[in-house]
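Here's a quick briefing to read with the model open beside you.

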Amino acid sequence: MVKIRLVRVGRKHKPSYRIIVADSKSANKGRFLDNIGHFNPRTDPESIVLKADRAVHWLSQGAQPSAAVARILRVEDILDKNGALRQTAALAEERATS
């Protein structure tokens with residue numbers, strides 16, 4: 001199964017995270033399929049950089065987001081409250097051009 005999850009990077013007591021797509025059996029800092037963004041909880045407000053088109057692509061391929069990534073995807077308006085992929089006009093347009 002393919003998962004979208006966070007991988008911690010950064011120094012001790014100064015975490016930041018990469019948002020990656022990886023096989024669920026791979027190690028936490030092991031091999032990954034795609035790096036789709038990063039998340040920094042230390043800024044105010046939290047900074048999120050996400051490649052929305054890649055996230056939509058992997059979700060449409062059946063990738064399952066972790067709880068933390070699902071929250072980030074809801075903030076970025078990619079998932080709805082039920083965890084289903086939103087079919088907004090902008091996302092559909094992005095997918096059509098790629």
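## A serine to start from

S66 sits in the loop between β5 and α2; helices (H or I, at least four residues) and strands (E, at least two) are DSSP runs, numbered from the N terminus. This is a predicted model, where local features need pLDDT of at least 70 and side-chain atom pairs count only at pLDDT 80 or more, while totals for chains, interfaces and linings use all residues. Residues are numbered from 1 along each chain as its sequence is written, and side-chain values use heavy atoms, with hydrogens and water left out.

**More on S66**

- S66 counts as partly exposed because its relative accessibility is 22%; buried means under 20% relative accessible area, exposed over 50%, and partly exposed in between (1.4 Å probe, protein chains only).
- What does S66 touch, leaving aside its neighbours within four places in sequence? The contacts are I4 and R5, where contact means heavy atoms within 4.5 Å.
- S66 and I4 are 62 residues apart in sequence, yet their C-alpha atoms are 6.2 Å apart in space.

**The overall layout**

- The protein has 3 helices and 5 strands, and reading along the sequence gives β-β-β-β-α-β-α-α.
- Of its 98 residues, 30% count as buried.
- The accessible surface comes to about 6,400 Å², and 49% of that belongs to carbon and sulfur atoms. Accessible areas come from the Shrake-Rupley method with a 1.4 Å probe, and for residues only the protein chains shown count as cover.
- Among contacts with a separation of 6 or more, 32% come from residues 24 or more positions apart.

**The sheet**

- In what order do the 5 strands of the open sheet line up? The order is β4-β3-β2-β1-β5, with mixed pairing; two strands pair if DSSP finds at least two bridges between them.
- β4 (47-50) and β5 (64-65) are at the edges with a single partner strand each, so one side of each has no neighbour in the sheet.
- Strands of a sheet pair through backbone hydrogen bonds, either parallel or antiparallel.
- β1 and β2 go antiparallel over 10 bridges. In this pair, G10 stands opposite P15 and V9 stands opposite S16.
- β1 and β5 go parallel over 2 bridges, and K3 stands opposite Q64 of β5.

**The helices and the core**

- α1 lies across β1, β2, β3, β4 and β5, at about 120 degrees to β3. Axes are lines fitted to C-alpha atoms, for helices over the stretch in contact, and angles run from 0 to 180 degrees between N-to-C directions.
- α2 also lies across β1, β2, β3, β4 and β5, running at about 95 degrees to β1.
- The largest nonpolar core has 18 residues, and I4, I19, I36, L73 and I78 touch the most other members. A nonpolar core is a set of buried Ala, Val, Leu, Ile, Met, Phe, Trp, Tyr and Cys residues joined through side-chain atoms within 4.5 Å.
- At least two residues of this core come from each of β1 (2-11), β2 (14-23), β3 (34-40), α1 (52-60) and α2 (67-75).
- Beyond its neighbours within four places in sequence, I36 has contacts that include I4, I19, V21, L50, A55 and W58.

**Two buried polar residues**

- N40 lies in strand β3 and counts as buried, because its relative accessibility is 17%.
- A polar atom of the N40 side chain is 3.0 Å from the backbone nitrogen of R42.
- Leaving aside neighbours within four places in sequence, N40 touches P15, S16, E46 and S47.
- S16, in strand β2, is buried because its relative accessible area is 18%.
- Not counting residues up to four places away in sequence, S16 touches V7, R8, V9, F39, N40 and P41.

- Most residues other than glycine have a negative phi, and most peptide bonds are trans.
- H13 is not a glycine, but its phi is positive at about 65 degrees. H13 is in the turn of the β1–β2 hairpin, which has 2 residues between the strands.
- Is H13 buried or exposed? H13 is exposed, with a relative accessible area of 72%.
- D77, in the loop between α2 and α3 (89-97), has a positive phi of about 65 degrees although it is not a glycine. D77 is partly exposed at 38%.
- The peptide bond joining D44 and P45 is cis, with omega about 0 degrees; P45 sits in the loop between β3 and β4.

Conventions
Polar contact = N/O pair within 3.5 Å; in protein donor to acceptor, adjacent residues only side chain to side chain.
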